[in-house]
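Try each task before you read its solution.

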Amino acid sequence: MNATVAMILALAVGTYAFRLVGPALHGRVELPARVQELLSAGAIVLLVALLATGALTEGGGFAGWARPAGVAVAGVLAWRRAPFVVVVLGAAAATAGLRMAGVA
(Lines give C-alpha, C1' and ligand atoms only; values in the text may rest on other atoms or scores of the structure.)
Protein backbone atom coordinates (compact mmCIF):
# COMPACT_ATOMS: atom_id res chain seq x y z
CA MET A 1 0.00 0.00 0.00
CA ASN A 2 1.49 3.31 -1.02
CA ALA A 3 1.27 6.58 0.89
CA THR A 4 -1.54 8.00 -1.26
CA VAL A 5 -3.86 5.08 -0.59
CA ALA A 6 -3.02 5.20 3.12
CA MET A 7 -3.85 8.92 3.29
CA ILE A 8 -7.13 8.42 1.43
CA LEU A 9 -8.11 5.64 3.82
CA ALA A 10 -7.16 7.76 6.85
CA LEU A 11 -9.24 10.66 5.57
CA ALA A 12 -12.17 8.33 4.85
CA VAL A 13 -12.06 6.89 8.38
CA GLY A 14 -11.77 10.37 9.90
CA THR A 15 -14.69 11.67 7.84
CA TYR A 16 -16.85 8.71 8.82
CA ALA A 17 -15.90 9.19 12.48
CA PHE A 18 -16.94 12.86 12.35
CA ARG A 19 -20.26 11.89 10.78
CA LEU A 20 -20.81 9.23 13.45
CA VAL A 21 -19.99 11.49 16.41
CA GLY A 22 -22.84 13.92 15.68
CA PRO A 23 -25.75 11.49 16.14
CA ALA A 24 -23.90 9.62 18.92
CA LEU A 25 -23.48 12.74 21.06
CA HIS A 26 -26.78 14.43 20.19
CA GLY A 27 -28.53 15.36 23.40
CA ARG A 28 -25.58 14.34 25.60
CA VAL A 29 -23.42 17.40 25.11
CA GLU A 30 -24.83 20.87 25.69
CA LEU A 31 -22.86 23.75 24.20
CA PRO A 32 -23.06 27.19 25.82
CA ALA A 33 -24.87 29.89 23.88
CA ARG A 34 -21.62 31.81 23.30
CA VAL A 35 -19.98 28.75 21.71
CA GLN A 36 -23.00 28.27 19.45
CA GLU A 37 -22.77 31.92 18.36
CA LEU A 38 -19.06 31.56 17.63
CA LEU A 39 -19.64 28.38 15.62
CA SER A 40 -22.34 30.13 13.57
CA ALA A 41 -20.05 33.09 12.93
CA GLY A 42 -17.21 30.73 12.00
CA ALA A 43 -19.40 28.95 9.47
CA ILE A 44 -20.32 32.28 7.87
CA VAL A 45 -16.67 33.35 7.73
CA LEU A 46 -15.70 30.07 6.03
CA LEU A 47 -18.48 30.44 3.45
CA VAL A 48 -17.47 34.03 2.68
CA ALA A 49 -13.82 32.96 2.31
CA LEU A 50 -14.87 30.19 -0.08
CA LEU A 51 -16.98 32.62 -2.07
CA ALA A 52 -14.13 35.15 -2.24
CA THR A 53 -11.52 32.64 -3.40
CA GLY A 54 -13.90 31.14 -5.93
CA ALA A 55 -14.96 34.52 -7.27
CA LEU A 56 -11.63 36.31 -7.32
CA THR A 57 -8.98 33.71 -8.17
CA GLU A 58 -8.30 31.28 -10.97
CA GLY A 59 -5.10 29.29 -11.35
CA GLY A 60 -3.38 31.13 -8.53
CA GLY A 61 -4.02 34.60 -9.95
CA PHE A 62 -6.75 37.18 -10.32
CA ALA A 63 -9.74 35.86 -12.28
CA GLY A 64 -10.56 39.17 -13.96
CA TRP A 65 -13.40 41.58 -13.41
CA ALA A 66 -16.23 39.72 -15.14
CA ARG A 67 -16.51 36.92 -12.59
CA PRO A 68 -16.60 39.14 -9.46
CA ALA A 69 -19.15 41.36 -11.19
CA GLY A 70 -21.34 38.30 -11.87
CA VAL A 71 -21.03 37.25 -8.24
CA ALA A 72 -21.97 40.77 -7.15
CA VAL A 73 -25.05 40.71 -9.41
CA ALA A 74 -26.01 37.34 -7.91
CA GLY A 75 -25.55 38.73 -4.41
CA VAL A 76 -27.76 41.72 -5.10
CA LEU A 77 -30.46 39.56 -6.68
CA ALA A 78 -30.35 37.09 -3.77
CA TRP A 79 -30.48 39.97 -1.30
CA ARG A 80 -33.55 41.27 -3.10
CA ARG A 81 -35.06 37.77 -2.69
CA ALA A 82 -35.23 36.98 -6.39
CA PRO A 83 -36.00 33.36 -7.31
CA PHE A 84 -32.95 31.10 -7.53
CA VAL A 85 -33.26 30.72 -11.31
CA VAL A 86 -33.28 34.50 -11.72
CA VAL A 87 -30.18 34.79 -9.51
CA VAL A 88 -28.25 32.20 -11.54
CA LEU A 89 -29.35 33.55 -14.92
CA GLY A 90 -28.66 37.14 -13.87
CA ALA A 91 -25.14 36.29 -12.75
CA ALA A 92 -24.47 34.30 -15.91
CA ALA A 93 -25.84 37.06 -18.12
CA ALA A 94 -23.79 39.74 -16.37
CA THR A 95 -20.59 37.70 -16.62
CA ALA A 96 -21.21 36.73 -20.24
CA GLY A 97 -22.09 40.30 -21.18
CA LEU A 98 -18.92 41.68 -19.66
CA ARG A 99 -16.80 39.00 -21.35
CA MET A 100 -18.44 39.71 -24.70
CA ALA A 101 -17.66 43.39 -24.16
CA GLY A 102 -14.00 42.48 -23.72
CA VAL A 103 -13.76 42.75 -19.95
CA ALA A 104 -11.76 39.79 -18.77
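**Exercise 1.** Is Phe-62 buried, partly exposed or exposed?

*Solution.* This is a predicted model: local features need pLDDT of at least 70, side-chain atom pairs count only at pLDDT 80 or more, and totals for chains, interfaces and linings use all residues. Residues are numbered from 1 along each chain as its sequence is written, and side-chain values use heavy atoms, with hydrogens and water left out.

Start with the cut-offs. Buried means under 20% relative accessible area, exposed over 50%, and partly exposed in between (1.4 Å probe, protein chains only). Phe-62 has a relative accessible area of 48%. Therefore Phe-62 is partly exposed.

**Exercise 2.** Find the aromatic pair and classify its geometry.

*Solution.* A search of the whole structure gives one aromatic pair. Its members are Phe-62 and Trp-65. Now apply the rule: rings of Phe, Tyr and Trp (its six-membered ring) pair if their centres lie within 6.5 Å; planes under 30 degrees apart are stacked, over 60 edge-to-face, and the rest tilted. Here the centres are 5.0 Å apart and the planes make 65 degrees. The pair is edge-to-face. Trp-65 has 61% relative accessibility, so Trp-65 counts as exposed.

**Exercise 3.** Which residues of helix H4 are buried, and where do they lie around the axis?

*Solution.* First, the helix. H4 covers residues 84-100, 17 residues in total. Its first and last C-alpha atoms are 24 Å apart, close to the expected 24 Å. The expected span is 1.5 Å times one less than the number of residues.

Then the burial. Val-87, Ala-91 and Thr-95 are the buried residues of H4. They cover an arc of only 55 degrees, so they lie on the same side of H4. That arc is taken from the directions from the helix axis to the C-beta atoms. On the other side of H4, Val-85, Leu-89 and Met-100 are exposed.

Technical notes: Helices (H or I, at least four residues) and strands (E, at least two) are DSSP runs, numbered from the N terminus.
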